[in-house]
Amino acid sequence: MSLYTNTWTAPAQGALFVVTGASGTGKTTLVRQALSAVPKLQFSVSATTRPIREGETDGVDYLFIDRPAFMERVAQGDFLEWAEVYGNCYGTLKAPIDTALASGSSILLDIDTQGAAQVRNSGVNQVSIFVLPPNIDTLAARLARRATDSAEAIARRIEEANLQLRECGNFDYLVVNDELASAHDQFQAVLLAELMRSHRHPSLVSKFST
Ligand code: ADP
Ligand code: 5GP
């Protein structure tokens with residue numbers, strides 16, 4: 001899509017996007033391309049106690065910390081939300097979100113359904129997107145093909161996927177990741193539509209309404 005040309009007016013007020021979906025659905029794939037395509041969109045780097053995977057960078061994909069350090073940050077109230085997912089702790093730090101939104105950027109969280117419910121209940125303005133697989137068999141095949149987790153971890157992720165998928169009706173938008181090119185376009189169309197809402201563009205409104 002050639003949506004972001006130099007005629008694109010970035011919003012004055014950025015958005016907090018919550019992206020959720022069962023592991024292996026393709027969230028990371030969709031999010032990575034959106035981050036490189038959408039101007040002024042940042043990724044919320046979560047803290048996690050999960051071991052680092054090949055190809056991941058500490059401080060970029062996650063902040064990899066041990067469980068005592070994670071629990072200390074919980075006690076300090078540093079997280080907007082946190083949850084135990086597939087036996088590891090994951091949490092969204094408040095500070096980078098506040099900094100991004102204060103500077104007019106948008107920020108995107110890739111979190112599980114428990115975390116998404118906490119953000120929804122926290123009262124912060126947010127736009128939530130649930131990424132769906134075309135079906136469970138395809139999801140299982142993608143997890144196996146990614147080959148970054150043990151067979152046991154993959155089995156656990158498939159089991160939990162069924163529970164997570166049941167919650168998709170609680171989200172603002174659904175994107176089915178079947179054919180990847182379409183899914184990228186649909187995902188970015190949601191982001192773009194949200195960023196074009198009039199309340200995010202007070203200067204355009206005043207320019208043409210006075
Ligand atoms: P998640 O972040 O939701 O766990 P990933 O983005 O890591 O999922 O995707 C899981 C695997 O599926 C990766 O190997 C990725 O390359 C692959 N994948 C993602 N989307 C598609 C798609 N539409 N078609 C085929 N494979 C895909
Ligand atoms: P993965 O280990 O595959 O990177 O992520 C596993 C799951 O943890 C995914 O569903 C992902 O969305 C979720 N996750 C990642 N970061 C966070 C976070 O900060 N909070 C919560 N609640 N879940 C997260």
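Strand 7, residues 106-110, is mostly covered, with five of its five residues buried. Buried here means under 20% relative accessible area, while exposed means over 50% and partly exposed lies in between, for a 1.4 Å probe and protein chains only. Strands (E, at least two residues) and helices (H or I, at least four) are DSSP runs, numbered from the N terminus. From strand 7, S106, L108 and D110 point one way and I107 and L109 the other way, and all are buried.

The model is predicted: local features need pLDDT of at least 70, side-chain atom pairs count only at pLDDT 80 or more, and totals for chains, interfaces and linings use all residues. Residues are numbered from 1 along each chain as its sequence is written, chains are lettered from A and ligands numbered from 1 in the order in which they are written, and side-chain values use heavy atoms, with hydrogens and water left out.

Strands of a sheet pair through backbone hydrogen bonds, either parallel or antiparallel. Two strands count as paired if DSSP finds at least two bridges between them. Strand 7 pairs with strand 1 (residues 16-20) in the parallel sense, over four bridges. Strand 2 (residues 41-43) also runs parallel to strand 7, joined to it by three bridges. I107 has L16 opposite it, and Q42 also stands opposite I107.

These strands belong to an open sheet of five strands in the order 2-7-1-8-9, with parallel pairing. Its edge strands are strand 2 and strand 9 (173-176), each pairing on one side only. From one strand to the next, the twist averages 25°; such angles run from 0 to 180 degrees between N-to-C directions, with axes being lines fitted to C-alpha atoms, for helices over the stretch in contact. Helix 3 packs on this sheet and touches strand 1, strand 2 and strand 7, its direction making about 150° with that of strand 7. Contact means heavy atoms within 4.5 Å. Helix 4 (residues 113-122) packs on the sheet too, touching strand 1, strand 7 and strand 8 (127-132), and its direction makes about 150° with that of strand 1.

There is also an open sheet of four strands, with the order 4-3-6-5 and mixed pairing. Strand 4 (62-64) and strand 5 (79-85) each have a single partner strand, so one side of each is left without a neighbour in the sheet. Strand 3 (residues 46-48) and strand 6 (residues 88-93) run antiparallel and are joined by two bridges. A47 has G91 in strand 6 as its bridge partner. Helix 3 (residues 94-102) lies across strand 5 and strand 6, running at about 30° to strand 6.
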